[in-house]
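Let us read a structure together, one feature at a time.

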Amino acid sequence: MLQIKDIHKQYKTGDIIQNALDGVSLSFRESEFVAILGSSGSGKTTLLNIIGGLDRYDSGDLIIDGVSTKKYKDRDWDTYRNHSIGFVFQSYNLITHQSVLANVELALTLSGVSRAKRKEHAAQMLEKVGLGDQLHKKPNQLSGGQMQRVAIARALANNPKILLADEPTGALDTNTGIQVMELLKEVAKDRLVVMVTHNPDLAQQYATRIVRLQDGQLISDSNPLSEQEGGE
Ligand code: ADP
Ligand code: MG
């Protein structure tokens, strides 16, 4: 189980101090689809990046399977990110000069696995997101929704326990956005998916839990963990 406890995070730019997160606590289930809502600047991306080990908290704790990360070294964070986390971004972040297949294959860090096996696995992942017939295209030959599905296949390539998505439908039209949401909902059946979104309608329709942030603080949680589940 993943827990964050009283996380604080400030950014300093010159003389200005910005409280990005101001005492946020949350426990997540092994498998659920959590949507984080909040206006621009409320701390959503900061929260996601801290959960994913892309950014560090100033104080508080991130507890992974019961173990505090307070003493984590860079190497521990690297291991956590590489083995437990998949990331999906609004802007896809695909390598434009590589094929769809190569984009997914490059994410595979399975050691001691042959090139042929990696290719096969990458093709399977793309099959699962409905792109089995697009393997040899370049990302710029795909639609936005297809690019986002490549990014999701890539994020899932190493079978992470947690998938984090920062406004994954932010650049997509409504219908394509819905397809991506359907896919994330499917993915969340057997892992934790935490998605930041601006869109309360999509969150209502697809997520199993909605958490709202305002000025770096948690202002609501539609489905907190019960005491039996290890909640507060
Ligand atoms: P959201 O994703 O909800 O729009 P962010 O988490 O990106 O919000 O930002 C929260 C606050 O922290 C904002 O006021 C933002 O300007 C500030 N902030 C975020 N990242 C940085 C950074 N790298 N340097 C300085 N300020 C930052
Ligand atoms: Mg953001």
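**Around the ligand**

A: Start with one contact. In this predicted model, an oxygen atom of ligand 1 sits 3.1 Å from a polar backbone atom of G43.

Q: Which side chain has an N or O atom 2.8 Å from an oxygen atom of ligand 1?

A: A polar contact is a pair of N or O atoms within 3.5 Å. The side chain of K44 supplies such an atom, 2.8 Å from a ligand 1 oxygen. T45 also has a polar side-chain atom 2.8 Å from an oxygen of ligand 1.

Q: How much of the accessible area of ligand 1 does the protein cover?

A: On its own, ligand 1 has 560 Å² of accessible area, and the protein covers 65% of that.

Q: Which elements give two or more residues to the shell around ligand 1?

A: They are β2 (16-28) and α1 (44-51). The largest share, 3 residues, is from α1. By class, the shell has 8 polar, 2 nonpolar and 1 charged residues. Among its members are Y11, Q18 and S39.

Q: Now the rings. How many aromatic pairs does the whole structure have?

A: The search finds 4. In one of them, Y72 and W77 are 4.8 Å apart centre to centre, with 65° between the planes. Planes over 60 degrees apart count as edge-to-face, so this pair is edge-to-face.

Q: Is W77 buried or exposed?

A: Buried means under 20% relative accessible area. W77 has 3%, so W77 is buried. Y72, at 26%, is partly exposed.

Q: What does W77 form with Y80?

A: Another edge-to-face pair, 6.1 Å centre to centre and 70° between the planes. Both residues lie in α2 (residues 74-84), 3 residues apart, about one helix turn. Y80 is buried at 4%. Ring pairs join Y57, Y72, W77 and Y80 in a cluster.

How values were computed: Residues numbered from 1 in each chain as written. Chains lettered and ligands numbered in written order. Predicted model: local features only at pLDDT ≥ 70, side-chain atom pairs only at ≥ 80, totals over all residues. Heavy atoms only, no water. Near = heavy atom within 4 Å. Polar contact = N/O pair within 3.5 Å; in protein donor to acceptor, adjacent residues only side chain to side chain. Areas by Shrake-Rupley, 256 points an atom, 1.4 Å probe, with all protein chains shown as cover. Helix = DSSP H or I, 4+ residues; strand = E, 2+ residues; numbered from the N terminus. Nonpolar A, V, L, I, M, F, W, Y, C, P; charged D, E, K, R; others polar. Phe/Tyr/Trp six-rings, centres within 6.5 Å; stacked < 30°, edge-to-face > 60°. Buried < 20%, exposed > 50% of the residue type's maximum accessible area, 1.4 Å probe, protein only.
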